[in-house]
Amino acid sequence: MAEAARLKLALSDDEPFLGHKACAGCGGSLAVRLALKVLGERTFVVLPAGCMSAVGFLYPQLAFGCNAIISTFAGTASMMSGIAAAARALKLRDYHVVGFAGDGGTADIGLQALSGAIDRHENFIYICYDNEAYMNTGVQKSGLTPFGARTTTSPVGPHAAGARSRKKDIFEIVAAHGIDYAATATVAHAHDYIRKVERARTTVGTSFLHVLAPCPTGWGIETSETLAARGFSPCEQQTRLGASAACRMT
Amino acid sequence: MSVEATARQPQPLFMSGNEAVAWGARLARPHVIAAYPITPQTVVIERLAEWVAEGKLDTEFLHVESEHSALSACMGASALGARTFTATSSQGLLYMAECLQYASGGRFPIVMMNANRALALPWNIYGDQQDSLAVLSSGWIQIYIEDAQEALDMTIQGFAIAEHAEVLTPVMLNLDGFVLTHTYEPVDVPAQADVDAFLPPFRTPSKMSLEAPTSMGFTAGPAHYTEFKVQQHRAILRAERVASEVDQEFGRRFGRSYGGAVVPYRCEGADVVLVTLGSVAGIVRETVDKLRARGVAAGMLKLRLMRPFPEREIVQALSTARFVGVLEKDVSFGYRGAVFSEVSSALAGSAARPALLNFVAGLGGRDISRNDVEQMFVELQSATVRPLGEQVRFVGVNSNG
Amino acid sequence: MASPFVRPYVRPRSPEDYPIGPCFTAGHLVETNASWRSERPVLSVERCTGCLRCYLACPDGAVLRAGAAVIGVKGPQVDHPLPQGEGRGEGTALHVESRRGRGHSTLVTSASGSVEASPSPPSPSPGGRGEIRFEDLRLTPNGAAVRIDYDFCKGCGICARDCKAQAILMISEEIKDVR
């Protein structure tokens with residue numbers, strides 16, 4: 001209860017991400033929602049092509065209450081850099097620049113821009129919501145898809161069973177840049193994730209959060225199981241291989 | 001080249017085309033510059049970086065890690081209402097290709113210099129116009145520049161056109177790689193105060209702000225997308241009139257103007273006209289004079305604006321010509337040069353039915369000589385109305401049969 | 001206030017009436033998401049411990065803290081009629097009979113109609129048969145720590161699944177107003 005009481009002070013009652021069209025039970029939308037509640041309304045949000053942008057602003061249903069813009073798929077971190085640069089040039093005060101990109105938009109197509117932005121020591125918060133595949137386009141394998149996982153481009157058959165490569169260690173890649181702050185998190189541990197967003201918020205410099213955000217649609221789990229499902233353990237991957245729709249994670 | 005304060009220069013400075021663009025960008029006071037080096041553009045961003053280091057240019061200079069990121073960063077900055085500038089060439093222009101459509105559709109008034117350069121493969125760093133003419137549909141205003149003075153002036157004018165409330169469309173300034181980017185001329189550098197008076201700070205309601213949160217760059221489905229695109233199309237069409245007004249105002253203040261979308265040279269009553277764009281216009285103009293002296297009713301039509309395409313002015317300038325050639329440094333593989341196709345299309349609607357020839361020259365930086373140009377006029381004068389399937393004339397290429 | 005809300009929207013008639021490029025006021029909603037769900041959460045005031053896990057767990061921001069300002073105002077284009085009425089009044093009471101041990105609780109309704117047996121966690125009161133009241137807790141104060149914004153609840157069931165006090169049940173949308 002003390003924890004909850006503390007959170008009541010830290011979190012605004014505002015819901016800057018409301019009315020979106022994400023699937024019921026979407027882990028990614030929870031990651032975005034909680035982070036924006038921490039960061040507040042003086043925030044510029046960048047989202048690349050992907051689930052969160054696709055569900056977040058389809059004119060005229062615009063579900064972000066704070067400033068938000070969609071970037072090209074590869075350009076999240078570079079668009080964020082441009083916003084940060086303009087904010088400096090225009091002498092804005094008391095604001096945050098945050099980006100929410102998926103695992104593909106971070107570790108694959110967006111990796112170059114992210115690397116450049118960290119290298120330039122941009123003042124922003126980059127949050128990778130990791131659902132372990134290209135979910136928006138139909139559950140295709142990404143660089144963060146775990147070994148053996150079934151996706152629509154790494155299906156299970158007699159010649160190949162699931163993804164043949166290991167999950168890229170994106171956290172270590174980012175850390176190797178000497179970034180100011182990087183953390184891993186999961187939407188299942190909301191208090192911990194919120195604490196890390198808060199730390200990123202007060203970090204002067206570049207922050208990176210890698211948050212596991214299960215996708216019921218892509219993972220083949222019930223919409224209610226998002227916070228119960230786990231990801232990184234190899235045992236869980238075995239369960240998912242060839243799992244029927246009725247299989248439940250415990 | 002080193003310069004002290006930007007008080008009015010009493011004499012012209014000797015500078016390259018690239019340096020002239022850098023000067024224009026400096027005087028326009030962009031808030032953010034994000035650019036990636038590529039030959040033959042590099043000198044532009046090097047000069048800008050020098051001035052930043054010397055404290056002569058107050059801007060946020062981002063060392064982006066690719067051209068795609070350069071334009072993405074410019075769009076992010078523009079989305080906050082900042083004035084932005086970038087520069088690229090050939091491979092870089094195509095690397096940022098998705099961002100070109102993104103920027104024009106997003107109505108971000110970015111100004112970008114493009115050093116026209118050949119496209120791989122094979123690799124070639126020299127100048128031709130394949131790069132920009134391959135992206136005519138990108139939604140950018142495209143201006144083709146003949147000399148270094150125009151390069152400086154049009155960089156300043158470019159911001160005025162792009163940021164105009166009726167336009168809000170990005171501008172691409174094209175300079176022939178090496179032949180213009182790296183050659184030197186005396187250039188008059190306007191005083192900063194005069195440029196400030198001509199080009200006020202960028203103001204737009206279309207931006208993200210902390211006072212009025214905004215959604216930008218959003219999705220629009222089948223029910224709405226078309227209307228956004230029609231609006232975009234109408235805005236770039238308005239740019240022709242706006243560009244002319246800006247040019248006239250520039251002329252009033254600085255004593256130099258460039259005549260609008262097309263510049264006819266001795267086209268009145270001309271019988272044979274060569275249409276062209278960019279710096280090669282210099283030797284075409286000389287050839288026209290030489291032919292006129294011999295009694296040939298020759299003319300040149302220089303196109304400054306390829307987008308929006310000045311169809312009416314082209315038809316008007318070519319109204320008396322029986323023979324029209326288009327000289328360009330590109331080819332749309334499988335058909336003809338892009339400029340030729342569009343000029344032909346414009347003439348299809350006019351009463352005049354000239355014989356038309358498409359000369360493709362200068363690919364990969366191959367020199368175009370005065371003799372080459374004179375030869376084009378000779379061929380034109382014996383041209384007949386084209387039969388279908390007439391091939392492009394690649395200048396200076398030996399063929400069998 | 002940074003929360004989006006539903007507004008009246010009339011489709012622009014011509015391109016000139018559209019915003020300049022894809023740029024528009026933030027938080028502009030034209031519809032709610034209520035029509036998505038086939039089941040909805042109902043809350044038990046008695047069981048709720050006020051831990052706010054559900055508030056943190058909802059991906060749609062449809063669980064509100066008690067006393068929070070009402071958001072997501074209904075506009076004229078709500079796409080699905082909600083259960084009627086506000087506050088306490090007429091309606092059907094849902095009571096849960098808890099069985100000893102790790103059995104499942106059965107949802108009983110006093111009105112005629114089908115009984116949904118929800119696979120819910122075991123009873124928190126091992127001693128006996130308690131009757132726990134579950135209600136559609138909407139935006140009016142009712143003594144619970146949270147309430148549901150049924151305009152934006154998609155019925156995913158995370159709140160019910162995640163609640164450590166078994167204070168939330170998912171019931172079929174076919175069951176009408178529950179108080």
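Predicted model: local features only at pLDDT ≥ 70, side-chain atom pairs only at ≥ 80, totals over all residues.
The buried residues of helix α12(B) pack against quite a list of elements of chain B: α6 (130-133), β11 (272-276), β12 (298-303), α11 (311-317), β14 (323-328) and β15 (355-360). Which residues of α12 are the buried ones? The helix covers residues 338-348, and there you'll find Ala338(B), Val339(B), Phe340(B), Glu342(B), Val343(B) and Leu347(B) buried.

Now pick one residue to look at, Val326(B), which sits in strand β14 of chain B. Why do we call Val326(B) buried? Because there are 26 C-beta neighbours inside 10 Å, and the cut-off is 20 or more. Skip the neighbours within four places in sequence, and Val326(B) still has contacts with Val275(B), Gly337(B), Val339(B), Phe340(B), Val343(B), Asn358(B) and Phe359(B). Take Val360(B) too: 34 residues separate it from Val326(B) in sequence, yet the C-alpha to C-alpha distance is 8.2 Å.

Chain B puts 35 residues into the contact and chain A puts in 38 residues. On the chain B side, β2 (32-35), β3 (60-63), α3 (67-79), α5 (97-105) and β9 (214-216) each give at least two residues. The largest share is from α3(B), with nine residues. Sort that side of chain B by class and you get 19 nonpolar, 13 polar and three charged residues.

One last thing, and it crosses between the chains. Strand β4 of chain A, residues 67-71, pairs with β9(B) in the parallel sense, over two bridges. If you want to find it on screen, look for Ile69(A), whose bridge partner in β9(B) is Met216(B).

Notes: Residues numbered from 1 in each chain as written. Chains lettered and ligands numbered in written order. Buried ≥ 20, exposed ≤ 12 C-beta atoms within 10 Å, placed from the backbone. Helix = DSSP H or I, 4+ residues; strand = E, 2+ residues; numbered from the N terminus. Contact = placed C-beta atoms within 7 Å. Nonpolar A, V, L, I, M, F, W, Y, C, P; charged D, E, K, R; others polar. Pairing = 2+ DSSP bridges.
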